[in-house]
Amino acid sequence: MGIGTKRSGTRDRDTTGARGWFRREGRQLLVMLVLLALARTSFANHYGVPSGSMEYTLMPGDHVVVDMSAYGLRVPFTDITLVPRGRPGRGDIAVFKSPADGVRLIKRVVAVGGDRVSLAGGHLSINGEALAEPGAADVEQFGDRSARLNLDMGGGPDIDGLVVPAGQVLVVGDHRGNSVDGRYFGFVPASALYARAVGVFWRRGEGPVWKPL
């Protein structure tokens with residue numbers, strides 16, 4: 001009888017203790033954490049800007065919301081696209097891995113497949129049309145997006161009539177003289193871009209902000 005009572009007490013402690021809590025709540029919490037992880041890899045995430053290569057659009061220390069599904073829904077933690085969604089467009093600020101060393105980068109897509117690109121003194125021309133706004137040489141217009149350039153270190157390497165192959169993009173930093181970009185490591189496959197920056201939500205010295213990109 002005493003032995004039976006002892007076993008019953010052990011089961012009661014298991015039910016009300018850590019094992020009992022896991023049976024009641026832990027499994028649901030685990031499922032929720034897995035779903036959150038999948039959402040971050042497939043839908044939305046954030047990116048910390050490590051350098052000044054995208055000044056003045058992005059500043060060192062900025063925290064940026066990125067849309068992980070902008071260019072397609074992927075199998076989490078892989079480069080396999082399940083559902084193609086959008087294509088990279090001129091002016092997009094995209095996240096990708098450098099073709100040179102695999103380091104994660106954030107740069108502006110300045111040209112897509114079929115575009116003829118020239119860059120002189122840091123100023124872009126696409127298909128023969130200069131992107132700089134009249135009277136504002138440090139501002140370039142990508143459709144409805146404006147990019148304010150930082151040219152305090154010059155314009156970096158020039159480009160003369162380069163044609164972007166189909167399925168590729170050319171990425172360049174807005175801080176033209178301080179950016180290791182497509183002028184150094186070449187074109188990036190459009191399929192390799194895995195996120196598009198949506199907006200800055202934290203800026204060093206300002207705290208919480210919202211600056212759409």
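This is a predicted model: local features need pLDDT of at least 70, side-chain atom pairs count only at pLDDT 80 or more; totals for chains, interfaces and linings use all residues.
Buried means under 20% relative accessible area, exposed means over 50%, and partly exposed is what falls in between (1.4 Å probe, protein chains only).

Residues are numbered from 1 along each chain as its sequence is written, and side-chain values use heavy atoms, with hydrogens and water left out.

**View 1. The whole chain, before we zoom in.**
The protein chain has three helices and 17 strands. Helices (H or I, at least four residues) and strands (E, at least two) are DSSP runs, numbered from the N terminus. Of the 213 residues in the protein chain, 37% are buried. The protein chain exposes about 11,800 Å², with 58% of that supplied by carbon and sulfur atoms; accessible areas come from the Shrake-Rupley method with a 1.4 Å probe, and for residues only the protein chains shown count as cover. Now for contacts, meaning heavy atoms within 4.5 Å. Take those between residues at least 6 apart in sequence: 56% of them join residues at least 24 apart.

**View 2. Asn-127, between strands 8 and 9.**
Asn-127 sits in the loop between strand 8 and strand 9. Its phi is near 55°, a positive value in a residue other than glycine. Is Asn-127 buried or partly exposed? It counts as partly exposed because its relative accessibility is 45%. Ser-125 has Ala-130 in strand 9 as its bridge partner. Two strands pair if DSSP finds at least two bridges between them.

**View 3. The four-strand sheet that strand 9 belongs to.**
Here four strands make an open sheet in the order 9-8-7-13, with antiparallel pairing. Strand 9 (129-130) and strand 13 (159-163) are at the edges with a single partner strand each, so one side of each has no neighbour in the sheet. What holds such strands together? Strands of a sheet pair through backbone hydrogen bonds, either parallel or antiparallel.

**View 4**
Strand 11 (residues 136-142) pairs with strand 12 over four bridges. Glu-140 belongs to strand 11 and stands opposite Ala-147 in strand 12. Glu-140 counts as buried because its relative accessible area is 0%. Where does the side chain of Glu-140 reach? It comes to the backbone nitrogen of Leu-124, at 2.8 Å. That is a polar contact: a pair of N or O atoms within 3.5 Å, where, within protein, one must be able to donate a hydrogen and the other to accept it, and residues adjacent in sequence count only if both atoms are side-chain atoms. Not counting residues up to four places away in sequence, Glu-140 also touches several others, including His-123, Leu-131, Arg-145 and Arg-176.

**View 5. Asp-62 and its loop.**
Look in the loop between strand 1 (44-48) and strand 2 (63-67) to find Asp-62. With a relative accessible area of 0%, Asp-62 is buried. A polar atom of its side chain lies 2.8 Å from the backbone nitrogen of Met-59. Leaving aside neighbours within four places in sequence, Asp-62 is in contact with residues including Tyr-47, Thr-57, Trp-202 and Arg-204. Tyr-56 is found in the loop between strand 1 and strand 2 too, and the peptide bond from Glu-55 to Tyr-56 is cis, with omega near 5°.

**View 6. Strand 16 and its partners.**
Strand 16 (residues 195-203) pairs with strand 2 in the antiparallel sense over five bridges, and Val-65 stands opposite Gly-199. Strand 5 (residues 93-97) is also an antiparallel partner of strand 16, over two bridges; Val-95 has Ala-195 as its bridge partner. Strand 16 and strand 17 run antiparallel too, joined by four bridges. They form a hairpin with three residues between them, and Gly-205 in the turn has a positive phi of about 90°.
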